[in-house]
Amino acid sequence: MEYYDIHNHILPGVDDGSQSLEESMAMIDIAYREGTRNLVLTPHYMRGRNKYTREELRGRFVDFQDKVRDKYPDIKLYLGNEILYEEGVEEDLRAGLIQTMNDTKYVLVEFNIRISYNQIYQAVRKLVGARYRPIIAHVERYRSLFKHVDRIEELIGMEAALQMNISSVYGGLLDDDARWCKKLVKEGYISFFGTDAHDLESRAPYIQDYLGWIRKKCGEEAIEEMFVTNPEKMLRNEYLE
Ligand SMILES: [Fe+2]
């Protein structure tokens with residue numbers, strides 16, 4: 001299976017992720033060995049605090065893509081942004097300042113960790129109202145969603161898709177966070193996984209150890225849906241099922 005990683009900070013020198021081409025290439029080496037063949041590079045977008053404009057980002061992306069293609073002709077790269085949701089983000093989207101996922105209507109959106117549920121709800125409503133398709137980045141991180149299946153279902157009902165960081169499924173029975181994550185996965189609430197890789201150490205783009213658990217609990221079909229079929233649909237701007 002040729003896995004997709006739809007959330008990572010591998011594009012060098014643009015945010016708090018990889019700081020050099022060498023580091024980025026070493027991250028790509030890991031991703032390749034892990035079986036990942038398609039990556040959406042998603043540098044942070046923070047209103048008014050970005051190192052590069054969208055155009056500059058695209059230029060740097062094309063340069064990096066050339067380097068990766070030389071070493072791994074079978075890896076495909078795409079570009080997106082991980083957007084920190086703030087007042088006015090919709091205006092920036094409309095003005096074309098933000099890179100959507102592979103130029104589709106899908107946008108990867110993160111929130112402040114302590115955001116209230118009402119604020120998440122309003123943000124999703126606004127984005128959907130503006131005809132975007134929000135993917136909530138690392139949904140397991142927000143305390144206002146923790147153990148609130150009703151809220152999770154409401155967001156999905158509003159056409160938000162949920163992304164989980166793959167390392168979050170790691171943890172034993174006594175680990176409350178890991179238990180909640182596993183429940184979300186098992187019950188089919190998660191549409192996408194990403195590594196959210198930032199470096200070669202604590203946040204490197206490993207997937208195989210975690211895939212083992214998901215495969216055991218949810219089966220191969222679920223893996224294919226979350227790691228291949230859904231990303232393919234998203235990158236073609238199609239609706240998920
Ligand atoms: Fe991220």
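Start with everything shown: 40% of the 241 residues in the protein chain are buried. Keep in mind that this is a predicted model. With the C-alpha trace on, you'll see a span of about 45 × 40 × 30 Å along the principal axes. A compact globule with 241 residues would have a radius of gyration near 18 Å, and the 17 Å of this protein chain agrees with that.

Now switch to cartoon, which gives you 7 helices and 9 strands.

Next, pick the open sheet of 6 strands: the order is 3-5-6-7-8-9, with parallel pairing. Strand 3 (44-45) and strand 9 (192-194) sit at the edges with a single partner strand each, so one side of each has no neighbour in the sheet. Inside that order, select 106-110 and 133-136: these are strand 6 and strand 7, paired in the parallel sense over 4 bridges. Zoom in on leucine 108, whose bridge partner in strand 7 is isoleucine 135.

Then move to the other stop, an open sheet of 3 strands in the order 1-2-4, with parallel pairing. Its edge strands are strand 1 (3-5) and strand 4 (76-79), each pairing on one side only. On average, neighbouring strands here are turned by 20° against each other, direction ignored. Select 36-41 to get strand 2, which runs parallel to strand 1 and is joined to it by 3 bridges. Look for tyrosine 4 opposite asparagine 38 in strand 2.

Conventions
Residues are numbered from 1 along each chain as its sequence is written. This is a predicted model: local features need pLDDT of at least 70, side-chain atom pairs count only at pLDDT 80 or more; totals for chains, interfaces and linings use all residues. Two strands pair if DSSP finds at least two bridges between them. Helices (H or I, at least four residues) and strands (E, at least two) are DSSP runs, numbered from the N terminus. The radius of gyration is taken over C-alpha atoms; the globule rule is 2.2 Å times the number of residues to the power 0.38. A residue is buried if 20 or more other C-beta atoms lie within 10 Å of its own, exposed if 12 or fewer, and partly exposed in between; C-beta atoms are placed from the backbone. Axes are lines fitted to C-alpha atoms, for helices over the stretch in contact, and angles run from 0 to 180 degrees between N-to-C directions.
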